Amino acid sequence: MKTVTVNASVSYKILIEKGLLKNAGKYIKECFGEVKLCIVTDDTVDALYASAVEAALTSEQLPFIKFVIPHGEASKNAENLVSLLELMAENRLTRADAIIALGGGVVGDLAGFAAGIYLRGIRFVQIPTTLLAMVDSSVGGKTAIDLKAGKNLAGVFHQPSLVLCDPNALNTLPSNVFSDGCAEVIKYGIINDRELFDTLKLGIRENIEEIIERCVSNKAHIVELDEFDNGTRQLLNLGHTVGHAIELCSSFTVSHGSAVAIGTVIATKIAYSLNLCTKTELDETVALISAQGLPTRSPYSASQLAKAATADKKRSGDTINFVIPYGIGNCELMKIKVSDLEEFIMKGI
Ligand SMILES: NC(=O)c1ccc[n+]([C@@H]2O[C@H](COP(=O)([O-])OP(=O)(O)OC[C@H]3O[C@@H](n4cnc5c(N)ncnc54)[C@H](O)[C@@H]3O)[C@@H](O)[C@H]2O)c1
Ligand SMILES: [Zn+2]
């Protein structure tokens, strides 16, 4: 078993172990004592893993109810959020009770938001089942739903009390969804962990437990420095400014991981064109990303991307903080004027 502790405004543990799901009840009871739980999951994960979690809770005499949403981003909406809150209220969950988010980032974000606002905040456990959720969304306390105007526009910061990560769950993940998670894994290596980057070259599936541990340790460290996303945490947006623009230009037909992969290559090409990283580092980055079956070239022009990036609903002011790799393992934020963005992105196309 690998354990990572996050010391944010709340301290909590991330437990990582193959086969851990069957002991979920024990770990939840150790953390919370006697509680009633609301399992939130999607229909796909429900069919695959809910029975294991339910059995684990039953064996510890922990009562539970369950809320199942259809799989996919479209479920991260206000209607499902309110239905979940209503279900918990009907079943008289109190502030002593807790939510279990069992699934990918969609379930984690929705369930986390509900935990953040039900009775002004109750505790919750993340049980991530996608690679992206294991290395990224289950840690750090960002929760959200999407609004008609854009993704993740409503949410709260609310840290989980426990994260239970069973890498065996990845065995049933479609390969394209696994690849999407690899884009975020590679991101951690480029941001500040050259050693992790080199481990990834040896194969991600082959070293999955170590890799998840390393990624969440990196994320935990960044969250500890800047829990509320005012500075350092923005480093986690490597590849995301252009990535979000690609998602928007494609009306979300290009997956998040693919878009981030292309965005990461563009950020590295920009760095190379500014003599901030070497050609070898650029080549290594492109090779590692391609090796995961991820794309490396933008189907859109610099002008299309700049237009989409500046239309971002969460952007404010006339500058954008762009994450630039000053070599693999050494990213920094660079302030770019919105008016210069197109020319800047052009260097990476
Ligand atoms: N809160 C954060 O810090 C943060 C960070 C990054 C991303 N996110 C959010 O995360 C979401 C994306 O998460 P995701 O990529 O996990 O998507 P997802 O939750 O939609 O899961 C992807 C698909 O995989 C299926 N699935 C999940 N686990 C499975 C398993 N073990 N076996 C087979 N199928 C499985 C799901 O049913 C779904 O169809 C986005 O909404 C994004 O905004 C949040
Ligand atoms: Zn991402």
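This is a predicted model: local features need pLDDT of at least 70, side-chain atom pairs count only at pLDDT 80 or more; totals for chains, interfaces and linings use all residues.
Two strands are said to pair if DSSP finds at least two bridges between them. With that in mind, strand β3 (residues 37-42) and strand β5 are joined by 5 bridges and run parallel.

**The strands around β5**

Ile99 can be followed across both pairings: in β5 it is the bridge partner of Cys38, while its own bridge partner in β6 is Phe124. Strand β5 (residues 98-103) has 6 of its 6 residues buried, so it is largely enclosed by the rest of the structure.

**Overall build**

The protein has 13 helices and 11 strands. Its radius of gyration is 20 Å, close to the 20 Å that the globule rule gives for 349 residues, so the protein is as compact as a globular protein of that length. Taken along the principal axes, the C-alpha atoms fill a box of roughly 60 × 40 × 35 Å. Of the 349 residues, 50% count as buried. Among contacts between residues at least 6 apart in sequence, 74% join residues that are at least 24 apart.

Helix α8 (residues 208-225) has 18 residues and reaches 26 Å from its first C-alpha to its last, close to the 26 Å expected at 1.5 Å a residue. Its buried residues are Ile211, Ile212, Arg214, Cys215, Val216, Asn218, Lys219, Ile222 and Val223. An α-helix has 3.6 residues a turn, so residues three or four places apart point the same way. The buried residues of α8 pack against both strands and helices, among them β1 (2-7), β2 (11-16), α5 and α6.

Helix α9 (residues 240-249) is mostly covered, with 10 of its 10 residues buried; these include His240, His244 and Glu247 as well as Val242, Ile246 and Leu248. What covers them includes the elements in the table, together with β10. Just after α9, Ser251 takes a positive phi of about 50 degrees.

| Helix covering α9 | Residues |
|---|---|
| α10 | residues 256-273 |
| α12 | residues 302-310 |
| α13 | residues 341-346 |

Is Phe322, a residue with 22 C-beta neighbours inside 10 Å, buried or exposed? A residue is buried if 20 or more other C-beta atoms lie within 10 Å of its own, and with 22 such neighbours Phe322 therefore counts as buried. Phe322 is found in strand β10 (residues 319-325), one of the elements that cover the buried residues of α9. Leaving aside neighbours within four places in sequence, Phe322 is in contact with Thr241, Met334 and Ile336, and Thr241 is itself among the buried residues of α9. Ser273 lies 49 residues from Phe322 along the chain, and the C-alpha atoms of the two are separated by 15 Å.

How values were computed. Residues are numbered from 1 along each chain as its sequence is written. Chains are lettered from A and ligands numbered from 1 in the order in which they are written. Helices (H or I, at least four residues) and strands (E, at least two) are DSSP runs, numbered from the N terminus. The radius of gyration is taken over C-alpha atoms; the globule rule is 2.2 Å times the number of residues to the power 0.38. A residue is buried if 20 or more other C-beta atoms lie within 10 Å of its own, exposed if 12 or fewer, and partly exposed in between; C-beta atoms are placed from the backbone. Two residues are in contact if their C-beta atoms, placed from the backbone, lie within 7 Å. The expected span of a helix is 1.5 Å times one less than its number of residues.
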